[in-house]
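Here is a short tour of one model, meant to be read with the coordinates open beside you. Have a look at the chain first, and then we can walk through some of its features together.

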Amino acid sequence: MHKSPIIELGGIEFDLSIILMLIVTCVIVFVIAKLATRNLSVENPGKMQNFMEWAVEFVQGLITSTMDWKKGKHFLSLGLTFIMFIFVANMLGLPFGIVTDYHSPEHAHIFGKEIVSVTKEFADKPGIEEVGVAWWKSPTADASVTMALALIVFVLSHFLGMTKNTKSYFKHYFQPYWFFFPINLMEQLAKLLTQGMRLFGNIFAGEVLISVLLKLGALGAVGWVASILGLVVWQGFSVFIGAIQAFVFTILTMVYISQLTESHEDH
């Protein structure tokens, strides 16, 4: 596996590839949304407008399957943002990768800062000839990104539960009996962990397999054929996996919000 381009600022490590890919993801999502809404028409909608209307109706369907629309309509923008951002982020690592090789720790600098992941690799493995650094990959293949997304959902859903459904929110921790409190508390923490790590695990595993398939090309003509065939099949399947994971993350978001903001009297 290639190293990440990590630099230190103020004693804190920053992964430049993740920052770069998050910016790219935001720009792509913004451009898609802008293109889809710049010439809105009722009589003659364009292809991008039709796509965006389909996406809105799809997210609307997710929300109504988990909670009453009167309450859920406020989360339409949130759901649409999550599903578009995560899907685009999942796709970025599929078409190609950008890797730079460093042959000495003296050249491992960017913006005047030392790339500590590279210099550490040279220090830990004396005699190593080069260190590859990956600059282009899916940001959701990094656990810090997916856990940050899950933390947003966790904080938002619990804030809404405490402010919009206060009595039922605190009461549910002690149901069906008071000694179930530790179990109910662990359940909430488990939701945070599983939502973030599920997305990370699926996308990271996919990119690892792509790296393995690319290395098959070093085995000669047979390796090249196996590599190309494997990449075609796996990248097609990865598009499906990326779409499914965007869907799962978004619907789990709506389920968690619904569970904490709706009381038994609402059903």
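## Annotated stretches

Residues 232-257 are 100% helix and 0% strand, with 38 Å between the end C-alpha atoms. Please keep in mind that the model is predicted. Residues 143-161 are likewise 100% helix and 0% strand, and here the end C-alpha atoms lie 26 Å apart.

## How α1 meets α4

Helix α1 spans residues 16-37 and helix α4 spans residues 76-91; their axes come within 9 Å and cross at roughly 125 degrees. Angles from 65 to 115 degrees count as roughly perpendicular and those over 145 as roughly antiparallel, so α1 is oblique to α4. The crossing of the two helices is right-handed.

Which residues make the contact? From α1 come Leu22, Thr25, Cys26, Ile28, Val29 and Ile32, while α4 supplies Met84, Phe85, Val88 and Ala89. By class, the residues of this contact divide into nine nonpolar, one polar and no charged.

Strand β1 (residues 6-9) and strand β2 (residues 12-15) run antiparallel and are joined by four bridges.

Together β1 and β2 form a hairpin, with two residues between the strands. Gly10 sits in the turn and has a positive phi of about 60 degrees.

Notes
Residues numbered from 1 in each chain as written. Predicted model: local features only at pLDDT ≥ 70, side-chain atom pairs only at ≥ 80, totals over all residues. Heavy atoms only, no water. Axes fitted to C-alpha atoms, helices over the stretch in contact; angles between N-to-C directions. Parallel < 35°, antiparallel > 145°, perpendicular 65-115°, else oblique. Left-handed = near helix turned anticlockwise from the far one by under 90°. Contact = heavy atoms within 4.5 Å. Nonpolar A, V, L, I, M, F, W, Y, C, P; charged D, E, K, R; others polar. Pairing = 2+ DSSP bridges.
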